[in-house]
Amino acid sequence: MANALQIVVCAGIVPDPLQTLEPITGASGPGLKNEMVLPAVLDPWAASALYEAANLAAKNPGSKVWLVSLGPKAKLQQVMMTVAQKVSFELVPVDGPIGGFTDAHATAAVLAETIAALPGLDHTRLLLFGGWESATRGAGVTLQLIGERLGITDQFQGVDQIDLRDDGSFEVLERVEGGKHQASVCVGAPAVLGWATGNLPEPRNNPQIGMANMRTIMPALQKARPATLAANGLRYTSVSLPKQQRDTRVVKDKTPDEIASELVEWIGAK
Amino acid sequence: MSTTALSGTTNMLTLPTDAVRQIQWRFADRFDLQMLVQSARGVARGTVARMVAAGERNTHEWTPAKNEMMEAFDRAGITAIFMEPEEGGFIAGPKNLALSLAAFELAWVDGGAATASLAGFLALSPIHERGTAEQAQHYMSLAAPPQPGDDRKPLRGAFALTEPIPYVGVDTGMLSGKVRVAEWKDGEEPWLQVDKRGRFITNIAFANFVTAAVNSDDPRIKGSCVVILEETDEGIFDHGTPTKKLVHQLSSTGDPIFNLKVPASRIVGGYTVKDGVIVPNYSHGEIIEAVFRRTRVTVGLMTAAKLLSAVEPVIRYQRGRFRGAEGAKPGTVRYQQGIQQREDALHRLVDVWACGEAATSLGFAAARLFDSLDPLEKQKTAILKERGVGGGRAELKALRESEIRAIALMAMSPSDKYHTELEADPLVDYVLKDAEANVLCPATKLWNTGHGANMMREAVSLMGGYGITEDCPGFLAAKWMDAQLEATYEGPEAVQRRQLTVTMTSDVFLAQFRAWTAEMRRIASTKPGTGACTLASAMQMWLWTLNYLQMATDADGNKLYHGQRQGVTFPMADALCWLLASRCQILDVLELEERGADDPGTAEGLPGTVQFLSDLCHVQAAQAAGEVGRICAELVFGYNRHPAWDDAGCKSCFSAHELDELEETMPGISAFALDVLAEDGSHPLKAGPCAGCNGSSEFLLLQNKLSRCLSGSRLAKDRAADTVSTVMIPEALDYPQ
C-alpha cells in the first residue's frame, strides 16, 4: 500500500468526431449546430488519461480513480454506458453546460472546487490527470488552472508515459518537438499530468466492470451538483472550422519508396 | 373518417439518437441493457465489420478470424447475456429484450454474426427452459465466458433438431435420430446409445456439446426427448462438413454425425422409471415449443436492423451522388443534394425507413412481452399447482374461466367496478399476454423477415450503381440476401402463417384486437397525424372480413375459413401482421412524445423527431391499410363466381327496349343500368354482368371509409421526404466498408 495513489481524472465530453461539426452563433454565443442532440464521447485525450490512470491504479493496490466530468448529466449518462465498461472508477459528475466555448477559468474553478471537496481525498497522494488537448475548441489551459487552484505546482504536459518508483517518485515522458520525449523525474505526488495519447490501447468493453461501476455512477448522476459557468467577459468575434485542403492526384505504378520520398519532399516544402 | 394532416412542421435535426431509441423501445431505465447495446455495437462495428470488409463471408469454412469473433463476443459479454448473474452473466431476470437488442446491434452490420451469437443460446435454451436445476447450473456456468484471471475456455453448444431427409432437405416434425438403452444394470443409472445425423446445425464447427432431439428406438424408453451430447462422450462426435450457404457465412453451419453413449441423466428435464420404462419428463416437442416460441422474435429483429441500417448509407449516397462531376460545383443544389433533388428517391427511402421503424417496433414489443410473460408463466404454474391442477388438458380447462374474465375485461370500461379486480388477477393477465405472444411472435418472424426482405431489395435499388457490388456501403447487398435466409430459417414463412391462422382466431386475442381498434381511434382523436385512424379503419375491416370468412362459403358451397384452405387463412395472417406492426410503431412514437419531453437527453429537437416519426407512422399505416384492403377485398369477393352472359346472369340485365320504356316513366334510369342487352341479344364486351354485392354491402361501406381514411397520408410522406433531404448525418459510416 506504500504507493497507493489517489488519481483524479478530469474529462469532458465532446461530440462524436464522426459527426458533422458546424459552428453557429446562438443567443448565448458560439456553439455547434445541433450539439445537444449529437452523440457524444469522452474527450479522446482525457480518455487516454483515464485508461492510464486505471492501469496505474491496478498496478498499485489500494489506489483509487475518480473521474470528474462537467457536462449535461443526461449526456454524461449516455457516455457512461460505454466508458463505464472499460475501467473501474468512481464518477463525480457536475451538471453543467457542454461545448468548447466556455471560459477555461470558470470551468477550472468549478472543477477545482469539486475535486477539493472529494471525501477522503489525500492531497499528498493526489495525481491530477487530464487531456493535454481536447477534441473541442481546446483552450489548452484548463488542467493547469485546476492544478494551480489546488496548489499543485509540479505539472507535466503532453505526457505519454509515467513510471512509478518504489519510493513514490516517478519518471514522466513528455512530448517535445521532433518526435522526441523529455524525461523528468518528480519527487512524488501531488502532480498534474496532461496526457497525450499514452501507450495503452482503448480497453475493450466489459459489462461486468460496467455493472460494478454503475452501482455508484447512477446514484452520482442523480445527485449531480448543478453548476453555472461565469462568462467572465469572454467574447468571440467569429468562429469557423479549419479549412479542409484537398489536392488529389491519381498516381499509379509508383513504388512505396518513391511515394515516401515525395511525401517527405512535400512536407519539407510546407 | 379522414385523418388530419398536421400543419406547421418542425424538421428532425439528426438521425434518432440512442436516447430516443431507449425511450421508444422502453429501456431508458435499464442501464444494463444500455451498456449491452454499446458493448454489442462495439463488436459489431469493430471486429465484425472488419471481418466482413476483409471478405470473411467469402468462405464457408470456420476460420481463425471467425473464431476470434466468438472470443470478441465473450470479452464483450455477449455470450453472457443468457446467463443469470450467479451463472456468470450480468443481466438478471428475463432476457428476451436483452437478446433482441444484442442481435439487433450485430445484425446492423452482419446477420451471420448475430446468428452466431444466438446459436449458443439456442443450444442452451432446452436446458434453460426445461432442464433440471443441476443441468441448468452445470451447462450455463460452463458456457459463460471466462472473467479476467479465469483461465477457462467456455463451452460452446449447438442445437441439433433438424435431420437430413433423402432428396428433400429437412423436416422438423419428423425425427429419425434414435435413442435406445445401451446398458442398464440393476440399481444403477441407465446408459443410452444416441444415434443422430444433423442437418443445417448452427455453431457445429466448434461446438463442445449438443442438445439433440431424438426418438425412442427401444421399448424401454418412452416417446421422444432431447439429450445432451458432449464432445468427450464415448463414440462418434463428428462435426461434419460445412454447409455451403449463400449467406450468413459468419455463423457456422454443418451436417454433423453423432453416435454416442451417454448417461440417462443427460435427458433434458430428467426422467422417471415406470414399470421398467424410462419416461422422459418432457418430449422433444414440448421442449422445442418452449424454445422457438421466444427465439423467433430475435430473428425478426435482425431483418428490422438491416432496414434501419440502410438509411444512413443511402442518404449519404444520394447526397454525394454527383459530387466530383463536372456539372456539380460546390454550393449548387446538384452538389449539395444530389439525387435527393428528386421526389421519387426520397419517397422510396421514406418507405424503407417507415417499414424499418414498424418492424423494429413490432419486434421489440414482442420481446418485451415475453419478458413480462416469463415470470407470469411461472406464477400461473404455481397457482394452478396450488389448486391441484396439473399440465395439459386439465390446465387448459382450468384457464377457461380466466379466459372468460379476460374477454370481459377487454370490453369493460375502466370505471367498471370489476375492472380493478380483473386487472389484478394474475391468471387473467397471463391468458391475455399468452394470447398476444402467440400472435406477436409468428407475426414478427413472418412480416419482418418476409416483407423486410422485399424492402431490403428496395434499399439496395436506391444505391444505384453501388447496389449490387461488393463495396456497396453498409454491406447492403449482403444484407438483402441475408434477409431471405432469415425469412426461411427457424421456421419458414408457411410455418409462421400456419401458426397465426390458429392463434389469431383465439377469442382472447380477438377481444384484445377489438380493444386495440378502439385504442387507435382514441389516439387518433388527440394525435391525428399518426395515422392511427387509418389503422383503426383497416383493423375494423380485417375483423369484419375474418368474421365473414368464418361463416361464408365459396361459389361451390365449400367452407372458406378452415385449416386446409390456406388461400384464405394465410393472406389473412399476412394482413394482420401489417396491422400489428403499424400499431406498435404508433405506440412507440407516443411513448417518445410522452416521456421524451422530461428527458434532458431528448428534449432538444424532440418536436421535430416526433413529427418525423409520426409521419413515418402515417405512411406505414396507409401502406398497411392498402394491403389489408386489397387482401380483404380479394377474399370477400374472389370466391364468388362471376356472373356469365347466360340465362341466370342475364336475368339481372335490362334489355335496351325495356330500358327505353322505363326511361319514359322514370327519366334518368338508364344512367343507373350497369348491364344492357341489345335487341339482338349482344352484350357489352366484358366477362359478364357486373357482380352484385349481396351480403357484402357492409364490406363496401368499410372499404369506402378506408379509402377516405387515407387522406393526409401522402402529405405526411411529403413532409417525411422533406426531413430526409435535410436531416444531418455523420460525416462517415462508423464501421469499415
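Two residues count as being in contact here if their C-beta atoms, placed from the backbone, lie within 7 Å. Going by that, and leaving aside neighbours within four places in sequence, B:Thr10 is in contact with B:Pro607, B:Gly608 and B:Gln611.

A word on the ground rules. This is a predicted model, where local features need pLDDT of at least 70 and side-chain atom pairs count only at pLDDT 80 or more, while totals for chains, interfaces and linings use all residues. Residues are numbered from 1 along each chain as its sequence is written, and chains are lettered from A and ligands numbered from 1 in the order in which they are written.

Back to B:Thr10. You'll find B:Thr10 in the segment before α1 (18-24) of chain B; helices (H or I, at least four residues) and strands (E, at least two) are DSSP runs, numbered from the N terminus. A residue is called buried if 20 or more other C-beta atoms lie within 10 Å of its own, exposed if 12 or fewer, and partly exposed in between, with C-beta atoms placed from the backbone. B:Thr10 is partly exposed because 15 other C-beta atoms lie within 10 Å. From B:Thr10 to B:Val439 is 429 residues in sequence and 37 Å in space, C-alpha to C-alpha.

**Where the chains meet**

How many residues does each chain bring to the contact? Chain A puts in 25 residues and chain B puts in 28 residues. On the side of chain A that touches chain B, the elements giving two or more residues are α2 (73-83) and α5 (207-222) of chain A. The largest share of that side, six residues, comes from α5(A). By residue type, that side of chain A has 13 nonpolar, ten polar and two charged residues. For that tally, Ala, Val, Leu, Ile, Met, Phe, Trp, Tyr, Cys and Pro count as nonpolar, Asp, Glu, Lys and Arg as charged, and the others, Gly among them, as polar.

**Inside chain B**

Chain B splits into domain 1 (18-152), domain 2 (158-291) and domain 3 (293-639 + 710-726), with bounds that come from an automatic or database domain assignment. The C-alpha centres of domain 1 and domain 2 of chain B are 25 Å apart. Across that boundary, 28 residues of domain 1 of chain B are in contact with 25 residues of domain 2 of chain B. On the domain 1 side, α3 (64-75) and α5 (111-130) of chain B are the elements that give two or more residues, and the largest share, 14 residues, comes from α5(B). The domain 1 side divides into ten nonpolar, eleven polar and seven charged residues.

| Helix | Length | Span, first to last C-alpha | Expected span |
|---|---|---|---|
| α2(B) | 23 residues | 31 Å | 33 Å |
| α5(B) | 20 residues | 28 Å | 28 Å |
| α17(B) | 31 residues | 44 Å | 45 Å |

α5(B) bends by about 45° at B:Leu124, and B:Pro126, a proline, follows within four residues. α2(B) bends by about 30° at B:Ala44, and just after α2(B), B:Gly55 takes a positive phi of about 90°.

Why is α5(B) described as largely enclosed by the rest of the structure? Because 20 of the 20 residues of α5(B) are buried. α2(B) is mostly covered, with 18 of its 23 residues buried, and α17(B) is mostly covered with 24 of its 31 residues buried.

**The nonpolar core**

A nonpolar core is a set of buried Ala, Val, Leu, Ile, Met, Phe, Trp, Tyr and Cys residues joined through C-beta atoms within 7 Å. The largest one has 288 residues, and A:Val9, A:Leu50 and B:Val227 touch the most other members. Helix α9 (residues 343-386) of chain B supplies the largest share of this core, 18 residues. Apart from neighbours within four places in sequence, A:Leu50 is in contact with A:Val9, A:Ala11, A:Leu67, A:Val87 and A:Phe89.

Most residues other than glycine have a negative phi, and most peptide bonds are trans. A:Asn34, in the loop between β4 (29-32) and β5 (40-42) of chain A, has a positive phi of about 55° although it is not a glycine. A:Asn34 counts as partly exposed, with 18 C-beta neighbours inside 10 Å. B:Asp275 has a positive phi near 55° and sits in the loop between β11 (271-274) and β12 (277-280) of chain B. B:Asp275 counts as exposed, with 6 C-beta neighbours inside 10 Å. Finally, the peptide bond from A:Ala189 to A:Pro190 is cis, with omega near 0°, and A:Pro190 is in the loop between β11 (180-186) and β12 (191-195) of chain A.

Technical notes: The expected span of a helix is 1.5 Å times one less than its number of residues. The bend at a residue is the angle between axes fitted to the seven residues ending there and the seven starting there.
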